[in-house]
Amino acid sequence: MAATRDRFKQLIDGFNQRYEPFVRQHLCKVYMMLGCTSAATATGAFLQMQNLVDLGVIAALSSLLLVLGLHFYRDNGKNYYRRVGMLYSFGFCSGQTLGPLLKYIASIDSSIIITALLGTIITFVSLSLAALFAERGKFLYLGGVLVSIINTMALLSILNMFFQSLFVQLGQLYIGVLVMAAFVLFDTQNIVEKVRAGSTDVVQHSMDLFFDVLSLFRRLLIILTQKEERKREEECRKRR
C-alpha cells in the first residue's frame, strides 16, 4: 500500500514538473467539461431509450447545427457560458442519436454496452496518460497522417455503397478504432501546445476530445455487436 502511494506521488510530482500551472489548470477544466458533456450524452441516450424524450431527426440536425455554431462562434471572452451550453446541448443531442443503437444492442445483449463503455474509458485514460507523459510533441506528427486516413476511409465508404463489401466495412470499423485512439494521443498533446501558445478555448478543446471518445465508443459498440450476432448465427447453424 505504501509503495503504491509513493508511486502515485511520484507520478503527480512528475506531472507537476512537466507542465506549467496554467497548463494544468486548463487541462483540469477540459477534462471536467468533457465529463459533463459525456453525462449529458448519457442523459440524452437514457431518455431516448426509455421513450421519455425522443427528438429523432431533430436531434441529428441540432447536432450538426451546434457543431457548426461552436466552430464559427469563437470564444471572445464574453460568450463562454453560451458556448458551454451549446456544447452540453450537443452532448445531449448526440445521446439522442445514439439511443436507437443502444436500444437495439440492449435487445441482443446489454453487457455489450458495459464492455464497450469500460473499453472506451480504459483506452482513453491510458492513451491520455501516455500522451501527457510522453516526450513533448512526440505525437503531433500524427495529425496529417490521420486526416489522410479519414479522407481515404470516407472515399471507401462512398464506393462501398455500390460494392457492399463486408470486408471493407469490417476493415473500416477496426481501422476506425485505431484512428480514434491515435486522435486521443494527437489531440491531447495538441491541446497542451495550443495552451502554451496562448489558446485557452476550453469549450473547443473539450469538444475535440469528446469527438474522439464518442467515435471510439460507437465503433466499439458496433464491433462487439457484430461479433455477438455472428456468434449467434453460428450457434443456430450448428443446431440445425
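What is the volume of the largest pocket? The answer is about 470 Å³. Here a pocket is an open set of points on a 1 Å grid over the protein atoms alone, with protein on both sides within 12 Å along at least five of seven lines. Its volume is the space filled by probe spheres set on the points, which are joined across faces, edges and corners.

Before going further, please keep in mind that this is a predicted model, in which local features need pLDDT of at least 70 and side-chain atom pairs count only at pLDDT 80 or more, while totals for chains, interfaces and linings use all residues. Residues are numbered from 1 along each chain as its sequence is written, and side-chain values use heavy atoms, with hydrogens and water left out.

**The pocket**

Lining residues are those with an atom within 4 Å of a point, and the largest pocket has 21 of them. Four helices, α2 (21–49), α4 (80–109), α5 (111–133) and α8 (202–239), each supply at least two lining residues. Helix α2 gives the most, with eight residues. (Helices are DSSP runs of H or I, at least four residues long, numbered from the N terminus.) By type, the lining has 16 nonpolar residues, five polar and no charged; Asp, Glu, Lys and Arg count as charged, Ala, Val, Leu, Ile, Met, Phe, Trp, Tyr, Cys and Pro as nonpolar, and the others, Gly among them, as polar.

**The salt bridges**

Side chains of opposite charge can pair when their charged atoms come close. The structure holds four salt bridges, each a side-chain nitrogen of Lys or Arg within 4 Å of a carboxyl oxygen of Asp or Glu. Among them are these:

| Pair | N to O distance |
|---|---|
| E20 and R196 | 3.2 Å |
| R136 and E193 | 3.0 Å |
| E193 and R196 | 3.4 Å |

E193 and R196 are both in helix α7, three residues apart, about one turn of the helix.

Together, E20, R136, E193 and R196 are linked in a network of salt bridges. R136 is exposed, with a relative accessible area of 56% (exposed means over 50%, buried under 20% and partly exposed in between, with a 1.4 Å probe and protein chains only). E20 is partly exposed at 29%, and R196 is partly exposed at 22%.

Terms used:
On a 1 Å grid over the protein atoms alone, a cavity is a set of points where a 1.4 Å probe fits but cannot get out, and a pocket is an open set with protein on both sides within 12 Å along at least five of seven lines; lining residues have an atom within 4 Å of a point.
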